Amino acid sequence: MRMKGKTLTVILAVILSLTLLIGCGNTTTSNVSDTVRWINATCAILTENNGGDHNIFGGMKPGDVSKQTTQMLLKNYWDVTDKKSADETLEWILNEGHRTDFLELMQLLKEVGAEKETKEDLAGILGELEGDKEAGPYLAQSFYDYLEFGDTAIDAWDYSRAISLLGWYYQAGFYTEAEALDKALEVAQIIQKEFSSWDEFNKSYCRGYSYWAKDDSSKRWAVYEKLKSDPNGPYQIAWDTELKKTW
């Protein structure tokens, strides 16, 4: 159960922009608890790319338009059509996700002595195996990421997307707001224990994006830097905020 393509971001951005123009408007941080602000920050890069509102769980104000379009997108890109498939996809991303494939491949490369190869040679080998020469350098970099950061090198990628999914499940009407936030709080508490800062978390997220997309993550990191420097942005919430149920 994986996103089928990169066009999701483009399509969702158009829909979110349309939804905001229809009259949903933006909220302010004063209307949102610190816990929900923290939860929203875990997927702020994607929310920003999609043109969503960082102060709303799920990125846009719930309504008929957001419900119908989110249901369509979940069906087309995640094979999620109801509560059962939503539960199954969430279980997959939390228990396996892309980090499982990543770990299996990286451990195999280590076992066969890939670290003895130069980075350039390894990129060529992996590009041939992948059937895509352009993917080789990104897979080679992922191997070096694994050597440096270990088994959890790309964990943030899955955790961030899990919280994005929970926001969309709420928007689509598959979960109630409380159900989605309850689960998002559990994931957020895992994130806060595993990582020590927004920088560390988002570096892991970008490593995961690069591994999954076989593409450069610099644009996503630039979005993070932009949001971090915004005095009213999502990353003004302290990393060590006490996460507790406020809904």
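A residue is taken here as buried when its relative accessible area is under 20%, as exposed when that value is over 50%, and as partly exposed in between, with a 1.4 Å probe and protein chains only. The model is predicted, so that local features need pLDDT of at least 70 and side-chain atom pairs count only at pLDDT 80 or more, whereas totals for chains, interfaces and linings use all residues. Residues are numbered from 1 along each chain as its sequence is written, and side-chain values use heavy atoms, with hydrogens and water left out.

Helices, which are DSSP runs of H or I with at least four residues, are numbered from the N terminus. Helix α6 (residues 97–111) packs against helix α8 (residues 136–149) at an angle of about 85 degrees, and their axes are 10 Å apart; the axes are lines fitted to C-alpha atoms over the stretch in contact, and the angle, on a scale from 0 to 180 degrees, is taken between N-to-C directions. The two helices α6 and α8 are therefore roughly perpendicular to each other, a term that covers angles of 65 to 115 degrees. With contact defined as heavy atoms within 4.5 Å, F102, L103, L105, M106, Q107, L109 and K110 of α6 meet L139, S142, F143, Y146 and L147 of α8. By class, this contact of α6 with α8 comprises 9 nonpolar, 2 polar and 1 charged residues. S142, which is placed in helix α8, counts as buried at 2% relative accessibility, and S142 touches F102, M106 and Y211 when residues up to four places away in sequence are not counted.

Rings of Phe, Tyr and Trp (its six-membered ring) are paired if their centres lie within 6.5 Å, and a pair is edge-to-face when the planes are over 60 degrees apart; by this rule the count comes to 18 aromatic pairs. F102 and Y146 form an edge-to-face pair, with 6.3 Å centre to centre and 75 degrees between the planes, and this pair links helix α6 to helix α8 across 44 residues. F102 is buried, with a relative accessible area of 0%, and Y146 is buried as well, at 9%. W198 and Y235 form another edge-to-face pair, at 5.2 Å centre to centre and 65 degrees between the planes. Because W198 lies in helix α11 (residues 198–213) and Y235 in the segment after α12 (218–229), the pair ties together parts that are 37 residues apart in sequence. Both W198 and Y235 are buried.

Notes:
Angles under 35 degrees count as roughly parallel, over 145 as roughly antiparallel, 65 to 115 as roughly perpendicular and the rest as oblique. Ala, Val, Leu, Ile, Met, Phe, Trp, Tyr, Cys and Pro count as nonpolar, Asp, Glu, Lys and Arg as charged, and the others, Gly among them, as polar. Rings of Phe, Tyr and Trp (its six-membered ring) pair if their centres lie within 6.5 Å; planes under 30 degrees apart count as stacked, over 60 as edge-to-face and the rest as tilted.
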